[in-house]
Amino acid sequence: MMKKTLYFSYVLPMAVMAAATAIGTCQGQSAAVHHVYGSGWFVCLWALLTLVSVLWLMRHKPHRWSVWALHAALLLILAGALVTRLTAATGTVHLREGEMTEEWVVTGADGHATMRKLPFGLRLDQFSVQYDAGTQTPADYTSVVTVTEGDGHFRATVSMNHILCHRGLRLYQSGYDEDGHGTTLAINADPWGTPITYAGYALLFMALIALLADPHGGFRTTLRSDTLRRCLGGVAIGLGLATPLQAAPTLPRETAERMGQLYVLSGDRICTLQSYATAFIRKLCGDTSYRGLTATQVLCGWIFWGDDWATEQCIRLRGKELGNRLLLPNPISLNGFFGYPSRNYVLGPYVNRYWQGDHSACCRQANDMDERLQLVFDLRKGKPLKMFPHTHGGQTVWLSPTDSLPHSLPTADSLYIRGAFTLLYQYAKVHAYAEMDSMITKMHRYQQLHAAGSLPPATRTWAERAYLQADITGWLYKGCLAVGMALLIASIIGLGRGRRRHRRFPVVWTLGLLAWMALTAVLVLRWMASGTVPLANGYETMMVLAWASLLTAIVTSWHWRIMLPFGLVVSGFFLLVSHMAEADPTITPTMPVLRSPLLSLHVSVIMLAYALLSLTFVCSLTALVSRRETAAPLMLLGRVMLYPAVALLAIGIFIGAVWANISWGCYWNWDPKEVWALITLMVYAIPLHGRSVPALQRPLLFHLFVCGAFASLLMTYFGVNYLMGGMHSYYG
């Protein structure tokens, strides 16, 4: 009876949390908080689970102290959450420059706001927004305040990821007034709950490490299994590629690449025109090249031979509904969107319906296509070509030839900006490429002379050019999938025939190592080009997942050779997904709140956990589709990966909680990504409780469970990002 009660009390909170995320998606997060997360009965669910778990532990009395420490840590974390719920207060204080206040607005659980006295006076001396050089991209928001208490006072700075702690209160930068002379600070008062929770986090970290290191624990015992060492590996195959054709007229490659080295303000950052061109062609054509032409050649074609390129069938439709409804070819030309004989814009009615609330697949695709075509319309008007810097009063702005030029701009510079592209256009039409090269060189000198320090460092520019020119991930995912599937099939055949010894395949191992080194180089170049660790969006995290999967496979394949095909398949899958339309590879500025060292630690630890969990899925899937005798060794291999995966996921989640508490004063906000990460952790922890769930010691049930559990991981990573949104949807 107790076992059934334990199962029920464990599964029920997961089901409730999953339902609550659906409520939050349909009715808003506030509805989910009001009806579920903030309700008394939800607290009772966790209290029931805690009580039953404690009784179960007391009854079975585990012999290892690390098991006791782990469950004590979870108990402390839940106790800290309860204390926070009962005693903590959150609110805000709004200040104008020069204004002093001794009150703050406290928001209750029911949403009702009351005024409460501060234990000190607070005055805003100055608020400022720091921008990345030459752009309007915020790098940080900073409030300089004076804290007054009795006869004493001191100045302090509050900014993103830098809080002010005083007299049991923590103040966070939350918002600011539109005129830039006022600030809103979030205030959190949780003097008792936070220390208890942090103590739980610390104990949890030590317990997880101890569980992995314990020579008598499940992880080390599984590692020593003789059956595990019989997992085998296989063979490798190669693969081939494709074929250039001639497109509409454009510049020679050398001239286009020289022009691609010019700087442009794009996406609120200064980058090379080559970078803008790559983003342009990827959105338009779905690739980084077109018929043997580089991205910069395609962009220059649209700039100087726009009418010819308007007839080129180079624009890719995403999805089938729109093309089927309008009988559009795929790919299609720009002119193909203007029907004959009336020349009406065929997407117009569907875009209007989308903005009137019709979000059917056809209307969504029409709106997406309209936004991408707007890139072409803007380019033909010269709007994105902000290539001419002007510095005045310590501020640098970047101008395009069609912008309204500021009065502070000298007449000679105005004439130069207005006439530069006209002259380039004339040279292009008569194929005067030597004169064009000379003109491009002069434009580069103009940029160097007038940019006043807003240009990115030379190393960053070099790294971005190298990153764009390498473009190896496109063929890398094909190679990883092809070689991995071939090895997997060979391994299954070998295991099914009961062979115990196989030759090592150093060539295949070397190819895997070279693929990992290539992916490492790509990530390093992207890191150098963006100036931040490549963990800030879905595209980057999927590449890191591929990198971690491949590294894990290479390191472990010398002992368990079947890990190499698993790693190659999983890595290829993540690289493939990173090239899907929903994942944007464009390098973009990082939000101020993400410019924290804890971001790198939080995301990288969780990505490594996801990589290991993905490998366990491929392992179990292989066992289910292969012969019965492979199930037992593959179950042991899956367990070897499952222990560190669950530990890393738990550590990553709680590092994220600490980061959230440092950044905005709340370590758990019931955001959909947080909730589903917790559900995933609880799901994957089940097969590690061998005494509590003995059925999962049987290979077939273990593999079925792991394959089903993978759905929670997919929901956490993809489902939340693309279906539910939330504060975590900006980085995947």
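This report describes a helix contact, a surface patch and a salt bridge in a predicted model.

## Basis of the model

Local features require pLDDT of at least 70 and side-chain atom pairs pLDDT 80 or more, while totals for chains, interfaces and linings use all residues. Residues are numbered from 1 along each chain as its sequence is written, and side-chain values use heavy atoms, with hydrogens and water left out.

## Contact of H8 with H16

Helix H8 (residues 273-285) and helix H16 (residues 458-470) have axes that come within 10 Å and cross at roughly 35 degrees. Helices here are DSSP runs (H or I, at least four residues) numbered from the N terminus; axes are lines fitted to C-alpha atoms over the stretch in contact, with angles from 0 to 180 degrees between N-to-C directions.

Gln274, Ser275 and Thr278 in H8 meet Glu464, Arg465, Leu468 and Gln469 in H16 (contact: heavy atoms within 4.5 Å). These residues divide into one nonpolar, four polar and two charged.

## Nonpolar surface patch

Together, Leu621, Leu624, Val625, Leu700, Leu701 and Leu704 form a nonpolar surface patch with about 510 Å² of accessible area (Shrake-Rupley method, 1.4 Å probe). Patch residues have over 30% relative accessible area and no salt bridge, and nonpolar side chains are joined within 5 Å. Helix H21 (597-625) and helix H24 (699-724) each give two or more residues to the patch.

## Salt bridges

The model has 16 salt bridges (a side-chain nitrogen of Lys or Arg within 4 Å of a carboxyl oxygen of Asp or Glu). One of them joins Arg64 and Asp214 at 3.1 Å, N to O. This pair links distant parts of the chain, 150 residues apart: Arg64 is in the loop between helix H3 (40-60) and helix H4 (65-87), and Asp214 in the loop between helix H5 (193-213) and helix H6 (218-223).

Note on methods
Ala, Val, Leu, Ile, Met, Phe, Trp, Tyr, Cys and Pro count as nonpolar, Asp, Glu, Lys and Arg as charged, and the others, Gly among them, as polar. Patches are made of residues with over 30% relative accessible area and no salt bridge: like charges are joined within 9 Å, nonpolar side chains (Val, Leu, Ile, Met, Phe, Trp, Tyr) within 5 Å.
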